[in-house]
Amino acid sequence: MKGGKVDRMVQGLIFYYLCWGLWVVATFLMSKTRKRIVASMYVLILLISSGSSWELFRYSGSYAVLVILVFSMHIILHYQKVFYPTLASLFIGVGYAGILLFEKVVPVWMMMPRLVIVGVLSFVVVSMLVEPVFLKIAVWGFASALGECLYTIILSGYGYAEDVGDWAYLDVYSLVCSLVILNSGFVKVSEILEQTVTNRIKRKVGFRS
């Protein structure tokens, strides 16, 4: 099982905690729109499917990765400019698989848990390439699921068996999604505070819009 220094007994707990937190945010803090319903339902389905697994030929994995893949592709295909997010997903997916393979070959370089290194690095790359929040999550979901499949296929060619979308992957996936949402919330709060300060300064100097 993948996961670096993170203990196997701990893997999956981060996913559950973060997903329940995301569900609370989507259900109680988001505006009452269609996105709120989609987000809350998606998180619930993801939580339910994470405990089930599938087998196909010599491959096996969690149903959660299929849910992530279908949801992400749905969001990307409904985006006006499909080519760019698809290209970004392929780029991130290949990079994600490359990091996992490098960890497998040279595990010494992982000075910190894979959850931290891969999670933070993926968040930075996704934030640089994509702007809308929902699209960031979709691109990351498609890219990470693609990277998981590519990683598993390559390893199987060398006689190694790895599950597609195991608990270590779900931990990283949920961490990146949480960082994307937290960053978006921080940006919005900063904009509100900046606008409030600007308005007060304008009133003090006697400016009238």
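The model is predicted: local features need pLDDT of at least 70, side-chain atom pairs count only at pLDDT 80 or more, and totals for chains, interfaces and linings use all residues. Residues are numbered from 1 along each chain as its sequence is written, and side-chain values use heavy atoms, with hydrogens and water left out. The chain has seven helices and two strands. Helices (H or I, at least four residues) and strands (E, at least two) are DSSP runs, numbered from the N terminus.

**Overall fold**

- Read from the N terminus, the elements run α-α-β-β-α-α-α-α-α.
- Along the principal axes, the C-alpha atoms fill a box of roughly 75 × 35 × 35 Å.
- The chain has 209 residues, and 40% of them count as buried. Buried means under 20% relative accessible area, exposed means over 50%, and partly exposed is in between (1.4 Å probe, protein chains only).
- Take the contacts between residues at least 6 apart in sequence: 70% of these join residues at least 24 apart. A contact means heavy atoms within 4.5 Å.

- Strand β1 covers residues 53–56. Strand β2 covers residues 59–62.
- The two strands run antiparallel and are joined by four bridges. Strands pair if DSSP finds at least two bridges between them.
- Two residues lie between the strands of this hairpin. F57 takes a positive phi near 60° there.
- S53 sits in β1. Its bridge partner in β2 is S62.
- S53 counts as exposed because its relative accessibility is 56%.
- Leaving out residues up to four places away in sequence, S53 touches G61, S62 and Y63.
- S53 and Y79 are 26 residues apart along the chain, and their C-alpha atoms are separated by 30 Å.

**Contacts around the hairpin**

- Y63 lies in helix α3, residues 63–77. With 37% relative accessibility, Y63 is partly exposed.
- Beyond its neighbours within four places in sequence, Y63 is in contact with S49, S52, S53 and W54.
- Y63 and I48 are 15 residues apart in sequence, with 9.2 Å between their C-alpha atoms.
- S156 belongs to helix α6, residues 133–156. S156 is buried, at 13% relative accessibility.
- S156 touches R58 and Y59, not counting residues up to four places away in sequence.
- The side chains of S156 and Y59 are joined by a polar contact of 3.3 Å. A polar contact is a pair of N or O atoms within 3.5 Å; within protein, one must be able to donate a hydrogen and the other to accept it, and residues adjacent in sequence count only if both atoms are side-chain atoms.

**The salt bridge**

- Side chains of opposite charge can pair when their charged atoms come close.
- The count comes to one salt bridge. The term means a side-chain nitrogen of Lys or Arg within 4 Å of a carboxyl oxygen of Asp or Glu.
- The side chains of E162 and K104 form it, at 3.0 Å from N to O.
- This pair links distant parts of the chain, 58 residues apart. E162 is in the loop between α6 and α7 (167–204), and K104 is in helix α4 (residues 83–105).
- E162 is buried, with 8% relative accessibility. K104 is partly exposed, with a relative accessible area of 37%.

**W167 in helix α7**

- W167 has its place in helix α7. It counts as partly exposed because its relative accessibility is 27%.
- Neighbours within four places aside, W167 is in contact with Q11, G12, F15, Y16 and S50.
- W167 and N183 are 16 residues apart in sequence and 24 Å apart in space, C-alpha to C-alpha.

**Surface**

- The chain exposes about 12,500 Å², and carbon and sulfur atoms supply 70% of this area. Accessible areas come from the Shrake-Rupley method with a 1.4 Å probe; for residues, only the protein chains shown count as cover.
- M111, M112, V116, V120, V124 and M128 make a nonpolar surface patch of about 580 Å². Patches are made of residues with over 30% relative accessible area and no salt bridge: like charges are joined within 9 Å, nonpolar side chains (Val, Leu, Ile, Met, Phe, Trp, Tyr) within 5 Å.
- V120, one of the patch residues, is in helix α5, residues 114–129. V120 is partly exposed, with a relative accessible area of 41%.
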